[in-house]
Amino acid sequence: MDFLFQLPLLGFVFQFFAYLIDAIATTNLAPQTLALATPIALGALCGVMNERSGVVNIGIEGMMLIAAFSGFMAALIVSEAMGPVEPAPIFGATPALVIGVIAAIVSGMTVSLLHAWLSVSVRANQIISGTVINIIAVGLTGYLNRLIKPTGSAGTFDSFDPPDWLVDLPVVGWLFNMFLSAGPITMSVIVFVVILQVLLFRSRWGLRTRAVGEHPRAADTVGINVFALRYRNVIIGGVFAGLAGAWLTLEYNSSFQNNMTANRGFIALAAVIFGRWTPIGAFGGALLFMFSEALGIAIRSNPPPGDLGVFLSGIQATYPSLYNNFFGALPYLLTLIVLAGVVGRSIPPAADGLPYEKERAT
Amino acid sequence: MLRKAWALAVVPLASIVLALLVGSILIIASSVITTGSIDLMLPIVAYESLFEGATGISFLTVDNGSVSFDFAIDGERAARNLTSTIAATSPLILTGLAVGVGFQAGLFNIGGTGQVLIGGFFAALAGAAVADLPVPIAVAVAVVAGGLGGALYGFIPGALKAFTGAHEVVSTIMLNSLAAFVIVGLVNDVFKIVGPSFARTADVGNAALPILFGRNGHLGILVALALVPITWFLLYKTTLGFEIRTTGANPSAARYAGMSPRRLIILTMSLCGLFAGLAGTLEILTLGYYPAVFGTTIGFAGITVALLGRSHPVGILFAALLLGAMRAGAPNMQIQAGVPVEIIDVIQGVILLFLAAEVVVRRLLRIKTAAPGAVAELDTVTKTYGGERAA
């Protein structure tokens, strides 16, 4: 078999997969993927909640950004008011961080209330409504950030530390590592995905939501309040967008930078389409897109051995900036390719994006 | 004619006024944060210094916190500030057209940012290559290269949408990020020149846009202004324009009438990219080089311009002038009133918010004129979301 590793290109492929298996077992590639996929998955859950009930939401990006800022500010204010606090034994949680998460969720819900009002009550164009939210989010957070100039930080949540014997289990150990070496918001994603998947397809609420997303008039005829349901779902979607924002400033980073969402809200939209408007599918899309970024981090911190490693380090030595930026661009490139390959076979809810009018003049 | 124009413009104008009111609330709130006391005059002072920065006309003097009315025009300052306003307006006209023409075809081009970057980058490389040729040739080569770069970068999402159904809202955003990453890498590793303290490409030399008047009244202003009537003619007086608008209003009708939505999508997106690429070209050819980190918001502002201008070339011209004036005047506002320049981004967003809630604004202000039919194209944008294939 050894000769296969020496063939150019084919050898690279073999070495790459050998490296992958090794990296999953020995480095933190798997937990890193899950962590990076968290805001995408949460944003995608927000998208699923919205679009399943017939509301297009391209303002997830802006909702995340506002939530990230308000969560960070709330946590900072509380931590400065309370002084040093002994963090809780699990996740290193402090009152400041918890209040920050709550503030992020509340602000996410507030912004989505605006979106619900515009798209359900005002019957404004939903793409425009989302764009407005994105533009206001960039402006408002940039303005307040410049005005307040926050210094210091409330810190971040810690990752859970699973026992070694669990992680070292053969074959499945990396899975435990992936799902347990995670912060609280990252861990919550899995729970939300499963709950939402079950509720959407196995509960009365889910049936009604899907009915409203496919044929609101029929749903209205059988006595479902289309407006109330859409409002409720869009606002619950804001909870997820808010959590995604909290992840940015309270779990993954410990500070706020302008525009730090970096188009994650739009990758989330692609994940929704990729996942065919199901929570589990969207979660899979988020993992797929962000795996490339985690892999980039792993390759740079722990380059693969053999010819592949020599090849990569050669590129890195000649084109250091291109090398780094290639890995930075990888999630976006992958999203674009997958979107183009998948979207034609993925059918959105029939009433997605269409405002509902109760009475028509005909 | 005039009545029709008024019917189109009344809600945007009302939205601007309402947004300025909302902005003044934010400015008052900012005075609480910075000084600890409520300064009710601050919005007036801030807006006045914004206006003064954009036009050179001042009508207030602030002396030890007391504000008095005092009309003054400094001719030299007015000329300089107005030139800056026009210079800031011209790329916004182009990015506004880049979004507005897309709207007319039922396409939402949020990829202005990426197309601006690619256009500017191509212009910088071409300009550096022909830096020693005579000025007219060098400028022409650089401008054409920049426009083509942008058009190419608009072609990609157009082709993706036409052949795979990938909605341009997501694909163009991904392309924005891609362009930013790739260009930073290329400038740092391949095109960086030795000498300057930061990474940048070589000087464009003779390809720099000639200054026609004032300190920064460059040739690109004429290019941008000329494209307004040209675009109007294209959209409203040619067959292609008719096809574009029909596809936007009703893709099925366009298909049944024998037009090819697929061809029109690709063509329109390339055209949008061309406009945005030219905007980037103006920015870079006035700067003289391409810096590795080129943070520009003109692509994004194009969305505001197009929506505020109702996707009509003339409307876009006026909307770009408003935003250009705000951008040119904002630094003066930050210096004189201490209000961060970012407030203009908030005001832009709030203008759009009121525009989106047009029905509410009409009811609130008892505006009776008939609503213009500019909504159909935007509905097409929403309907195709999620992947309706163009056959």
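Which residue takes a positive phi just after helix 6 of chain A?

What we have here is a predicted model, in which local features need pLDDT of at least 70 and side-chain atom pairs count only at pLDDT 80 or more, while totals for chains, interfaces and linings use all residues. Residues are numbered from 1 along each chain as its sequence is written, and chains are lettered from A and ligands numbered from 1 in the order in which they are written.

On confidence, the model scores ipTM 0.91 and pTM 0.92. For chain B the mean pLDDT, which is the predictor's confidence in each residue on a scale from 0 to 100, is 89, and 95% of the residues of chain B reach 70 or more.

Let me take chain A, which has 16 helices and 0 strands, where helices (H or I, at least four residues) and strands (E, at least two) are DSSP runs numbered from the N terminus. The radius of gyration of chain A, taken over C-alpha atoms, is 22 Å, close to the 21 Å that the globule rule (2.2 Å times the number of residues to the power 0.38) gives for 362 residues, so chain A is as compact as a globular protein of that length. Along the principal axes, the C-alpha atoms of chain A fill a box of roughly 75 × 55 × 40 Å. Of the 362 residues of chain A, 50% count as buried, and by that I mean that 20 or more other C-beta atoms, placed from the backbone, lie within 10 Å of the residue's own, with 12 or fewer making a residue exposed and anything in between partly exposed.

Now to helix 6 of chain A, residues 126-148, whose 23 residues should span 33 Å at 1.5 Å a residue, the expected span being 1.5 Å times one less than the number of residues. The end C-alpha atoms of helix 6 are 32 Å apart, which agrees. Because 19 of those 23 residues are buried, helix 6 of chain A is largely enclosed by the rest of the structure.

That brings me back to the opening question: the residue just after helix 6 of chain A is A:Lys149, with a positive phi of about 45 degrees. Most residues other than glycine have a negative phi, and A:Lys149 is not a glycine. A:Lys149 sits in the loop between helix 6 and helix 7 (164-167) of chain A, and it is exposed, with 9 other C-beta atoms within 10 Å. A further case is A:Asn259, not a glycine either, with a positive phi of about 60 degrees. A:Asn259 lies in the loop between helix 12 (226-252) and helix 13 (264-274) of chain A, and is partly exposed, with 14 other C-beta atoms within 10 Å.

Turning to chain B, the secondary structure comes to 15 helices and 4 strands. The radius of gyration of chain B is 22 Å, close to the 21 Å from the globule rule for 391 residues, so chain B too is as compact as a globular protein of its length. Buried residues make up 57% of the 391 residues in chain B. Among contacts in chain B (C-beta atoms, placed from the backbone, within 7 Å) between residues at least 6 apart in sequence, 76% join residues at least 24 apart.

How do the chains meet? In this model, 50 residues of chain B are in contact with 48 residues of chain A. On the side of chain B that touches chain A, the largest share, 15 residues, comes from helix 6 of chain B. That side divides into 30 nonpolar, 14 polar and 6 charged residues, where Ala, Val, Leu, Ile, Met, Phe, Trp, Tyr, Cys and Pro count as nonpolar, Asp, Glu, Lys and Arg as charged, and the others, Gly among them, as polar.

Leaving aside neighbours within four places in sequence, B:Ala142 is in contact with residues including B:Ala123, B:Val204 and B:Leu285.

Methods:
Two residues are in contact if their C-beta atoms, placed from the backbone, lie within 7 Å.
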